[in-house]
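Me: Hi! Could you walk me through the aromatic side chains in this one?
Reply: Happy to, here it is.

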Amino acid sequence: MYQAKELTVSTRGRGLVDITGEVQEAVKGTGIREGLCTLFLHHTSASLIIGENADPVVQRDLEAFFSRLVKDGDPLFQHDAEGPDDMPAHVRTVLTQVSLSIPVKDGEADLGTWQGVYLWEHRTSPHRRRVTVSVLGG
């Protein structure tokens with residue numbers, strides 16, 4: 001059996017948004033007990049990650065690392081049609097991912113003890129992002 005649901009995630013600008021609860025609800029709503037959940041983000045300037053969900057300092061550290069790695073307004077980048085964070089957001093997305101696969105066990109996304117699912121907004125201004133949650137199994 002296959003089912004899919006679309007999530008809309010509002011961001012406040014650059015940073016991580018915990019979508020674990022929405023993903024779990026989408027998986028539970030399918031009625032599928034065992035299988036595979038695939039998440040797909042329909043954007044090129046945000047990404048999906050599975051990360052530590054116990055200590056918010058981890059999120060700040062990730063953002064600090066990426067800010068050092070990919071700087072806004074870097075003269076290396078020519079693509080700046082939507083501002084100095086435009087191309088850096090695309091680079092951040094390429095370095096992370098827009099798709100995740102998570103096993104489904106007992107009707108839930110089978111995440112580890114300290115794992116959460118995050119949408120990582122790479123643009124500095126707020127956006128509405130679309131995520132498709134697909135579940136395949138029985």
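Reply: This is a predicted model, and ring pairs link Phe65, Phe66 and Trp120 into a cluster.

Me: Nice. How many aromatic pairs are there in the whole structure?
Reply: A search of the whole structure turns up two. For Phe65 and Phe66, the ring centres are 5.9 Å apart and the planes sit at 75 degrees, so that pair is edge-to-face. Phe66 and Trp120 also form an edge-to-face pair, with 4.8 Å centre to centre and 65 degrees between the planes.

Me: And what does that Phe66–Trp120 pair tie together?
Reply: Phe66 belongs to helix H2 and Trp120 to strand S7, so the pair ties together parts that are 54 residues apart in sequence.

Me: Is Phe66 buried or exposed? And what about Trp120, buried or exposed?
Reply: Phe66 is buried, at 7% relative accessible area. Trp120 is buried too, at 1%.

Me: What about Phe65, where does that one lie?
Reply: Phe65 lies in helix H2, which covers residues 57-69. Together with Leu69 and Leu95, Phe65 makes a nonpolar surface patch of about 310 Å².

Me: Switching to the sheet: what is the strand order?
Reply: The order is S2-S7-S4, in an open sheet of three strands with antiparallel pairing. Strands S2 (15-18) and S4 (46-52) are the edges, each pairing on one side only. From one strand to the next, the twist averages 35 degrees.

Me: Back to Trp120 then. Which residue is its bridge partner?
Reply: Leu16 is partnered with Trp120 in S7. Four bridges join S2 to strand S7 (residues 115-121), and the two run antiparallel.

Technical notes: Residues are numbered from 1 along each chain as its sequence is written. This is a predicted model: local features need pLDDT of at least 70, side-chain atom pairs count only at pLDDT 80 or more; totals for chains, interfaces and linings use all residues. Side-chain values use heavy atoms; hydrogens and water are left out. Patches are made of residues with over 30% relative accessible area and no salt bridge: like charges are joined within 9 Å, nonpolar side chains (Val, Leu, Ile, Met, Phe, Trp, Tyr) within 5 Å. Accessible areas come from the Shrake-Rupley method with a 1.4 Å probe; for residues, only the protein chains shown count as cover. A salt bridge is a side-chain nitrogen of Lys or Arg within 4 Å of a carboxyl oxygen of Asp or Glu. Two strands pair if DSSP finds at least two bridges between them. Axes are lines fitted to C-alpha atoms, for helices over the stretch in contact, and angles run from 0 to 180 degrees between N-to-C directions. Rings of Phe, Tyr and Trp (its six-membered ring) pair if their centres lie within 6.5 Å; planes under 30 degrees apart count as stacked, over 60 as edge-to-face and the rest as tilted. Buried means under 20% relative accessible area, exposed over 50%, partly exposed in between (1.4 Å probe, protein chains only).
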